[in-house]
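Work through the exercises below with the sequence and structure at hand. Each task is followed by its solution.

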Amino acid sequence: MAEVKKLATRDGYGKALVELGAQYPDVVALDADLAGSTKTGMFQKAYPDRHFNCGIAEGNMMCVAAGLASTGLVPFASSFAMFAAGRAFEQIRNSIGYPALNVKIGATHGGISVGEDGASHQCCEDFALMRSIPGMVIICPADAVEAEAAVKAAYLHKGPVYLRFGRLAVPVFHEEGFEFKIGKGEVMRDGTDVAISATGLLVYEAVQAGEKLAEMGINAMIINMSTVKPIDEELVLSAARKCGRIVTCEEHSIVGGLGEAVCAVLSEKLPTHVRRIGVNDVFGESGPANALLKAYGLSAENIVEVTKDFCGK
Amino acid sequence: MHQTDKKSLEILACKVRLGIVESVHSARAGHPGGSLSAAEMFTYLYFKELNIDPKNPQWEDRDRFVLSKGHTAPGLYAALAHRGFFPVEDLTQLRHLGSYLQGHPNMRTVPGVDMSTGSLGQGISAAAGMALAGKYQKKDFRVYTLLGDGEIQEGQVWEACMLAAHYKLDNLCIIVDNNGLQIDGNIAKVMSPYPIVDKLQSFGFHVETIDAHDFDQIENALNIAHTVKGKPTAIVMKSVKGKGVSFMENNAGWHGKATNEAEFEIAMTELKAALAELEGK
């Protein structure tokens with residue numbers, strides 16, 4: 001079997017931003033001293049006159065982005081998820097969300113796959129924080145190709161968008177030219193016994209799990225739920241109707257993320273049993289990214305275990 | 001400034017004060033003290049300084065004003081109403097359920113409001129963003145923002161100041177309303193932001209200090225701001241909180257509360273008398 005190409009979703013972000021910049025002069029980028037890490041350094045290099053480093057001052061950066069957007073520009077403001085969604089939450093809520101300004105937040109280094117930096121930098125709360133803001137769109141692409149397409153879709157969407165990217169290089173499985181639709185889940189594999197709805201780097205793990213489960217006689221539907229908000233209600237309900245059981249997988253706390261978003265839809269419209277795979281309301285720790293993902297149950301193996309148990313096998 | 005110009009501005013400022021007192025009274029809540037202390041500045045900005053068009057509030061080349069101290073919306077709304085952005089009668093709808101005149105400025109509902117504010121420390125950053133946009137797009141519009149002297153205790157204010165100087169935003173003018181009082185009392189006792197002028201200068205601003213209630217000084221400082229190149233300008237204006245209503249002046253208790261019926265009558269009588277005197281009636 002050929003080696004799978006691996007790229008971090010943040011690389012897709014950087015690449016797409018440069019392409020958007022070539023096409024649209026209203027695209028500007030802001031950073032808080034992490035342009036190299038967030039990959040917006042690529043944009044800075046290509047268009048130095050419309051990249052604004054704000055220094056280590058994320059709250060200020062979000063409001064500067066709001067001011068830029070109020071004049072008709074389309075700013076992409078970047079930092080690590082911890083400092084974008086975490087530190088600058090109230091600035092995003094009041095200066096971007098409330099006035100519905102056209103700011104795109106490019107948050108990289110989401111989740112525990114940040115790795116060695118440890119818990120202080122492993123943001124597993126950003127979906128929860130951003131979901132609480134009315135009108136905020138939340139996208140967490142599964143690979144670099146989807147990330148590129150998502151960034152372009154975010155540009156075309158009028159209003160605030162929170163884009164969550166990862167630091168870790170992960171397998172690329174979308175075809176070049178993939179078209180992203182905000183609010184639409186992607187069925188990666190059809191199935192009837194259980195639906196596994198995943199987001200971010202867990203989509204690839206879920207697909208791998210789906211193959212192993214099939215060998216065990218469990219026919220799992222696998223969904224890439226890259227838009228966490230607005231959630232694809234129709235797909236959640238049709239998967240529940242068809243499979244009767246749903247597993248959710250996210251590199252995020254089980255509190256306030258994709259799992260709870262899916263549960264909210266189901267509990268009101270079609271009560272269905274759900275198992276949530278995520279970071280179990282604990283802080284992360286230092287370690288190599290892949291070892292951490294395994295240790296915290298964010299792997300194909302654990303998805304197989306949980307799903308097998310869920311299906312009574 | 002010509003005496004007749006000055007007189008007409010003083011009349012307008014008095015009308016803005018009447019609008020503040022009436023709107024806060026009708027809302028049964030709001031922030032009269034810091035609205036009244038900046039009444040001359042609101043008046044000068046909207047009637048003399050800003051290049052704006054009340055018939056086209058979204059005109060893209062307009063000058064921008066961001067009320068960073070968003071709780072003094074009654075002052076901004078009164079100035080906007082008298083300038084023709086919306087009917088003066090609507091001021092008494094302030095803070096009412098369903099009203100477009102929200103308690104703090106809402107750019108999506110109030111014509112003429114350039115930025116939604118209310119959370120202190122954020123408006124100045126947005127104003128810096130607008131000024132940055134003007135520079136990138138090579139547009140001539142200018143951006144103004146008004147801050148409270150208590151507000152500058154917010155660290156974000158200084159992050160924004162750093163950015164404004166770093167990007168040489170000479171199209172940005174920040175105004176600090178130094179009325180000396182915040183909710184919990186004297187700013188020097190609560191958490192001193194002094195020396196304000198030295199701090200702003202060391203952050204890279206050209207600084208002018210003026211009497212907030214003197215139109216000649218306001219005009220002079222804003223004219224100087226136009227000539228300053230390569231750095232932003234800050235105007236620190238010494239003001240009297242609650243200016244124009246005797247029992248509100250220099251009283252922190254009037255930072256954020258409405259008058260009762262008796263107080264309202266006294267305030268209106270005082271302001272109407274001042275207006276009549278200005279109008280020579």
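Rings of Phe, Tyr and Trp (its six-membered ring) pair if their centres lie within 6.5 Å; planes under 30 degrees apart count as stacked, over 60 as edge-to-face and the rest as tilted. This is a predicted model, in which local features need pLDDT of at least 70, side-chain atom pairs count only at pLDDT 80 or more, and totals for chains, interfaces and linings use all residues. Residues are numbered from 1 along each chain as its sequence is written, chains are lettered from A and ligands numbered from 1 in the order in which they are written, and side-chain values use heavy atoms, with hydrogens and water left out.

**Exercise 1.** Count the aromatic pairs over all chains, then classify the pair A:Tyr13 and A:Phe165.

Solution. The rule gives 13 aromatic pairs over all chains. For A:Tyr13 and A:Phe165, the ring centres are 4.6 Å apart and the planes stand at 20 degrees, so this pair is stacked. Finally, A:Tyr13 and A:Phe165 are both buried (under 20% relative accessible area; exposed is over 50%, partly exposed in between; 1.4 Å probe, protein chains only).

**Exercise 2.** Classify the pair B:Trp158 and B:Phe203.

Solution. The centres of the B:Trp158 and B:Phe203 rings are 4.9 Å apart with planes at 50 degrees, so the pair is tilted. B:Trp158, at 13% relative accessibility, counts as buried; B:Phe203, at 27%, counts as partly exposed.
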